[in-house]
Amino acid sequence: MTRAEWLGVLRFAHVLGAVLLLGNVIVSGIWAALGMRRDAGVDPRAVARGVIATDWCFTLPGGALVSATGVAMAWMSGWPLWQTPFVRWGLLGLGTSTALWLFLLVPLQRAWVRAASVETARVAYRRWSVVGWVATAPLVAALWAMATRR
């Protein structure tokens, strides 16, 4: 394959990773909100198990794909990671969101799924939801930086 063909494959994989990552983050937040409504008739811990399952199936692979392909494309294009503004902002957005996910959201998911009562699960969910939407903002900013190359 030529360099241009490799870049095309990497670009496709990069967009696919972004769709998996950001799509799942947003859909999981909405799906969890619907499942956590008091009239939904669903055990809140089951909602938490669904969120955790989709994180393993979509968020984690999407983030890994975005990271690997982004760095590979920058390297192949001769763009210095920190001196290329849109790459830097993309990395900072992804890094910030990943740190929030690992250090705050994952422990909150564990508390949510292991809650001793429905009310305790609801408290954990509310905290998870607030932090989750905050963690989504840097991903959206990273997408904007990538799409506009700013």
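Visitor: So which residues touch the most other members in the largest nonpolar core?
Guide: Keep in mind that this is a predicted model. Ala 32, Leu 105, Trp 112, Tyr 125 and Trp 128 touch the most other members, in a core of 17 residues.

Visitor: And which elements give two or more residues to this core?
Guide: Those are α2, α3 and α4. The largest share comes from α4, with six residues.

Visitor: What's in the second, separate core?
Guide: That one has five residues, including Leu 21, Leu 22, Val 66 and Leu 94. As a general point, nonpolar side chains in soluble globular proteins tend to be buried together.

Visitor: OK, zooming out. How many helices and strands are there?
Guide: Four helices and zero strands. Along the sequence the pattern reads α-α-α-α. The C-alpha trace spans about 55 × 30 × 20 Å along its principal axes.

Visitor: How much of the chain is buried?
Guide: Buried residues come to 37% of the 150 in the chain.

Visitor: And what about contacts between residues at least 6 apart in sequence, what share joins residues at least 24 apart?
Guide: 75% of them.

Visitor: What's the lining like by class?
Guide: The largest pocket has 20 nonpolar, five polar and two charged residues in its lining.

Visitor: And the second largest pocket, what's its volume and what lines it?
Guide: Its volume is about 370 Å³. There are 25 lining residues, with Leu 21, Val 25, Thr 59, Ser 97 and Trp 101 nearest the centre. Here too, α1, α2, α3 and α4 each supply at least two of the lining residues. By class, the second pocket's lining has 12 nonpolar, 12 polar and one charged.

Visitor: Let's do Phe 86. Where is it?
Guide: Phe 86 sits in helix α3.

Visitor: Buried or exposed, and why?
Guide: Buried, because its relative accessibility is 10% and the cut-off for buried is under 20%.

Visitor: What's it in contact with, leaving aside neighbours within four places in sequence?
Guide: Phe 86 contacts Trp 79, Ala 145, Met 146, Arg 149 and Arg 150. Met 146 also came up among the residues closest to the centre of the largest pocket.

Visitor: And how far apart are Phe 86 and Glu 5?
Guide: In sequence, 81 residues; in space, 22 Å from C-alpha to C-alpha.

Visitor: You mentioned Arg 149 there. Where is it, and what's its phi?
Guide: Arg 149 is in the segment after α4, and it has a positive phi of about 55° without being a glycine. Most residues other than glycine have a negative phi.

Visitor: Last one: what does α4 itself span?
Guide: α4 has 31 residues and reaches 44 Å from first C-alpha to last, close to the 45 Å expected at 1.5 Å a residue.

Definitions and conventions:
Residues numbered from 1 in each chain as written. Predicted model: local features only at pLDDT ≥ 70, side-chain atom pairs only at ≥ 80, totals over all residues. Heavy atoms only, no water. 1 Å grid on protein atoms, 1.4 Å probe; cavity = no way out; pocket = protein on both sides within 12 Å on 5 of 7 lines; lining within 4 Å. Nonpolar A, V, L, I, M, F, W, Y, C, P; charged D, E, K, R; others polar. Points joined across faces, edges and corners; volume = space filled by probe spheres on them. Core = buried A, V, L, I, M, F, W, Y, C linked by side-chain atoms within 4.5 Å. Buried < 20%, exposed > 50% of the residue type's maximum accessible area, 1.4 Å probe, protein only. Expected span 1.5 Å × (residues − 1). Contact = heavy atoms within 4.5 Å.
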